[in-house]
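Here is a short briefing for a reader who is new to this structure. Please look over the sequence and the 3D view first, then read on.

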Amino acid sequence: TSLLTQFRLEGDMASYSTQKVRQLCKLFIGCRGAITRIHTDNHRAHAWLTNLHGYKLYILCAPEEGERVLPPGENGKGFLPRLDPLDMEQRALPQHSGVKLHATILRPGETIVVPEGWWHYAASLTQTVTLMCNFWDAANVRAVEDLFLENVARTLDDKRRQDAADFVDGRGPIPSAAAATSSKVRTLAEQRAFRVVHKPFVYIREAPCTDAGMLGIARPGTIIHADAERDGWLRLTKAWRGGKRGWVLQHGGSLGLGALVESCAE
């Protein structure tokens with residue numbers, strides 16, 4: 001059932017849902033000079049922020065400015081320092097040069113809406129009180145589905161690890177096969193694009209092995225880019241999370257599955 005399906009909430013469910021929505025709202029109280037460094041909101045959420053008291057500066061950057069705001073490190077490993085939009089010397093550095101900024105000052109009673117993926121920075125020009133709330137709509141509700149599936153994926157991965165530990169201790173059945181890796185990393189001649197085809201998702205792992213830690217998931221239709229291969233595993237070109245470059249298994253034959261990702265044109 002689509003998360004967009006309309007339904008009526010009653011009784012305990014209505015109370016539970018109201019509680020969850022309230023958790024998305026926050027009240028920020030800041031002294032003059034308090035800042036919130038530039039960032040995007042988690043899970044591709046939109047946000048609205050209403051100034052209840054005082055004056056606050058907001059600086060925004062479009063999603064496509066991401067690599068200028070938070071530049072990737074050398075060879076895609078980690079990240080360089082993120083942009084401070086008020087630091088003119090830093091803005092002149094090559095990795096930040098050309099970044100396009102949008103700025104406004106909110107007065108008491110005014111509201112700004114920050115769409116999903118937009119980078120935003122805030123600085124209190126006076127003492128401020130700000131009410132903020134994250135929200136989703138038809139444009140970004142897939143992110144909520146992604147969050148749910150990622151939690152499912154992590155639970156399944158933890159269960160598989162526990163099964164493997166039980167087997168070692170002689171307390172459980174033989175665990176599902178892991179795609180072992182032994183050869184050296186082979187750098188691809190050029191970056192290649194792949195489309196996720198396995199349902200409901202594929203794992204993004206810290207290393208080219210199913211025993212490696214989970215960085216996240218990618219859902220069918222997602223386009224990923226790889227620059228290296230190792231025993232059927234593809235190394236992602238860009239850092240995934242925490243500055244780590246993830247790995248994706250290209251074919252799940254060793255796990256009793258079919259193709260997980262397929263080569264595609266840009």
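The structure holds zero disulfides. The model is a predicted one. The chain has four helices and 15 strands. Of its 266 residues, 35% count as buried.

**Cysteines**
- Cysteine 61 has a relative accessibility of 0%, so this residue counts as buried.
- Cysteine 209 is also buried, because its relative accessible area of 19% falls under the 20% cut-off.

**Chain as a whole**
- Take the contacts between residues at least 6 apart in sequence: 73% of them join residues at least 24 apart.
- The chain exposes about 15,800 Å². Carbon and sulfur atoms supply 55% of that area.

**Nonpolar cores**
- In soluble globular proteins, nonpolar side chains tend to be buried together.
- The largest nonpolar core here has 17 residues. Phe194, Val202, Ile204, Ile224, Val248 and Val261 have the most contacts inside it.
- Six strands each supply at least two residues of this core: strand 9 (186–196), strand 10 (202–205), strand 11 (214–218), strand 12 (223–230), strand 13 (233–241) and strand 14 (244–249).
- A second, separate core has eleven residues, including Ile38, Leu57, Leu70 and Tyr121.
- Setting aside residues up to four places away in sequence, isoleucine 224 touches Arg192, Ala193, Phe194, Leu236, Val248 and Val261.

**Valine 196**
- Valine 196 sits in strand 9. With 2% relative accessibility, valine 196 counts as buried.
- The C-alpha atoms of valine 196 and leucine 260 are separated by 6.1 Å, although the two residues are 64 residues apart along the chain.
- Beyond its neighbours within four places in sequence, valine 196 is in contact with several residues, among them Val202, Ala218, Pro220, Leu260 and Val261. Arg219 is another of its contacts.

**Aspartate 157**
- Aspartate 157 belongs to helix 4 (residues 142–168). Its relative accessibility is 4%, so aspartate 157 counts as buried.
- Leaving out residues up to four places away in sequence, aspartate 157 touches Tyr203, Arg205 and Met214.

**Surface patch**
- Leu27, Ile29 and Leu52 form a nonpolar patch on the surface. Together they have about 340 Å² of accessible area.
- Leucine 52 lies in strand 3 (residues 46–53). This residue is partly exposed, at 49% relative accessible area.

**Salt bridges**
- Side chains of opposite charge can pair when their charged atoms come close.
- The count of salt bridges comes to 15.
- Glutamate 116 forms one with arginine 44, with the closest N and O atoms 3.2 Å apart. This pair links distant parts of the chain, 72 residues apart. Glutamate 116 is in the loop between strand 6 (111–114) and strand 7 (119–124). Arginine 44 is in the loop between strand 2 (35–39) and strand 3.
- Both partners are partly exposed: glutamate 116 at 23% relative accessibility, and arginine 44 at 33% relative accessible area.
- Aspartate 146 also forms a salt bridge with arginine 44, the closest N and O atoms being 3.5 Å apart. Aspartate 146 lies in helix 4, so this pair ties together parts that are 102 residues apart in sequence.
- Aspartate 146 is partly exposed, with a relative accessible area of 21%.
- Aspartate 146 forms another salt bridge, with arginine 219; their closest N and O atoms are 2.7 Å apart. Arginine 219 is in the loop between strand 11 and strand 12, so the pair ties together parts that are 73 residues apart in sequence.
- Arginine 219 is buried, with a relative accessible area of 14%.
- Through shared partners, salt bridges join Arg44, Glu116, Glu145, Asp146 and Arg219 into one network.

Technical notes
Residues numbered from 1 in each chain as written. Predicted model: local features only at pLDDT ≥ 70, side-chain atom pairs only at ≥ 80, totals over all residues. Heavy atoms only, no water. Buried < 20%, exposed > 50% of the residue type's maximum accessible area, 1.4 Å probe, protein only. Contact = heavy atoms within 4.5 Å. Areas by Shrake-Rupley, 256 points an atom, 1.4 Å probe, with all protein chains shown as cover. Core = buried A, V, L, I, M, F, W, Y, C linked by side-chain atoms within 4.5 Å. Disulfide = S-S within 2.5 Å. Patch = residues over 30% accessible without salt bridge, like charges linked within 9 Å, V, L, I, M, F, W, Y side chains within 5 Å. Salt bridge = Lys/Arg side-chain N within 4 Å of Asp/Glu carboxyl O.
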